[in-house]
Amino acid sequence: VMDPNMSQGSGGVDGNKGARVTAPDEIVSQYAVFNKQQNMHQCTLCNKQCARKQNLLRHIEIMHFPDSFVYECEFCHQQFTKRNKMAEHLAKFHKDRKDYV
């Protein structure tokens, strides 16, 4: 289990085409559990609960690992510290790329 104060992770390719990330979802997933009694996904660091796992993973990344991950555009190599900022960049600047769909 990674210390939430550490900023490095293993490299990998994110689920979004055109996106490379220094620390994959497996790192933040370590801090998400499913609470069967309440039918909710729960953060083990602060006990926040979300109905959708993806929302909880975004919470963990933003609140507990701020600016810890680096997302790099595969097309122009611009780097971002937030996944949504890179997604906005891809949609704005690379929407016509055949390999970004």
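Is asparagine 35 buried or exposed? Buried, with a relative accessible area of 17%. Buried means under 20% relative accessible area, exposed over 50%, and partly exposed in between, with a 1.4 Å probe and protein chains only.

A word on the source. This is a predicted model, where local features need pLDDT of at least 70 and side-chain atom pairs count only at pLDDT 80 or more, while totals for chains, interfaces and linings use all residues. Residues are numbered from 1 along each chain as its sequence is written, and side-chain values use heavy atoms, leaving out hydrogens and water.

Back to asparagine 35. It sits in strand β3, residues 32–35. Strands are DSSP runs of E, at least two residues; helices are runs of H or I, at least four; both are numbered from the N terminus. Setting aside neighbours within four places in sequence, asparagine 35 is in contact (heavy atoms within 4.5 Å) with Met40, Gln42 and Gln49.

Next, helix α3, residues 83–93. Its buried residues are Arg83, Met86, His89 and Leu90. They cover an arc of only 120° around the axis, so they lie on the same side of α3. That arc is taken from the directions from the helix axis to the C-beta atoms. Why does this happen in helices? An α-helix has 3.6 residues a turn, so residues three or four places apart point the same way.

Last, the cysteines. How many disulfides are there? Zero, in the whole structure. A disulfide needs two cysteine sulfur atoms within 2.5 Å. For cysteine 50, the closest cysteine sulfur is in cysteine 43, 8.8 Å away, too far for a bond. Cysteine 50 is buried, at 10% relative accessible area.
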